[in-house]
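Subject: Handing over a structure

Hello,

Here is the structure I promised to pass on to you. Please have a look at it first, and then read on for what turned up.

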Amino acid sequence: MSIVRNICEFRNYVIYPAILDFPSRRLRSWLIHRIFHKVGTNVSFLRHIRVEGWRGITIGNNVIVNPYCHLDGRRGLTIGNNVDIATGVYIWSEEHDPQD
């Protein structure tokens with residue numbers, strides 16, 4: 001495994017999740033607008049959210065993602081306008097073959 005890949009994985013699985021759990025809503029908003037593919041206005045991510053495939057996620061306007069949600073953008077994920085994702089929801093874009 002290359003050093004660049006190690007750094008990217010550290011960022012994706014340690015740094016970003018730590019910031020998403022940080023109590024500052026302003027810091028979370030700043031991070032979301034910089035790492036997701038596209039983010040609309042009035043977007044709120046509450047704490048304790050898990051995200052995979054950050055760059056594959058597009059978020060519309062007026063979106064709330066409540067605590068303990070899991071978003072998977074590895075194959076692309078688009079969340080439209082005026083969406084409220086309930087606590088504990090898992091949204092997957094990649095699946096597992098049950099025959100494995």
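What radius of gyration would a compact globule with 100 residues have, and what does the chain have? The globule would be near 13 Å and the chain has 14 Å, which agrees. The radius is taken over C-alpha atoms, and the rule is 2.2 Å times the number of residues to the power 0.38.

Before the details, a word on the source. This is a predicted model, where local features need pLDDT of at least 70, side-chain atom pairs count only at pLDDT 80 or more, and totals for chains, interfaces and linings use all residues. Residues are numbered from 1 along each chain as its sequence is written, and side-chain values use heavy atoms, with hydrogens and water left out.

**The whole chain**

You will find two helices and nine strands, in the order α-α-β-β-β-β-β-β-β-β-β along the sequence. Both are DSSP runs numbered from the N terminus: helices are H or I with at least four residues, strands are E with at least two. Along the principal axes, the C-alpha atoms fill a box of roughly 40 × 35 × 20 Å.

Of the 100 residues, 32% are buried (buried is under 20% relative accessible area, exposed over 50%, partly exposed in between, with a 1.4 Å probe and protein chains only). Contact means heavy atoms within 4.5 Å; among contacts between residues at least 6 apart in sequence, 11% join residues at least 24 apart.

**Two residues to look at**

Start with His70, which is found in strand E6 (residues 70-72). His70 has a relative accessible area of 1%, so it is buried. Its side chain is joined to that of Glu52 by a polar contact of 3.1 Å. Such a contact is a pair of N or O atoms within 3.5 Å; within protein, one must be able to donate a hydrogen and the other to accept it, and residues adjacent in sequence count only if both atoms are side-chain atoms. Not counting residues up to four places away in sequence, His70 also touches others, among them Arg50, Val89 and Trp92.

Then turn to Trp54, in the loop between strand E3 (50-52) and strand E4 (57-59). Trp54 counts as buried because its relative accessibility is 5%. Leaving aside neighbours within four places in sequence, Trp54 is in contact with Asn12, Tyr16, Leu20, Ile35, Phe36 and His37. Phe22 lies 32 residues from Trp54 in sequence and 18 Å from it in space, C-alpha to C-alpha.

Enjoy exploring!
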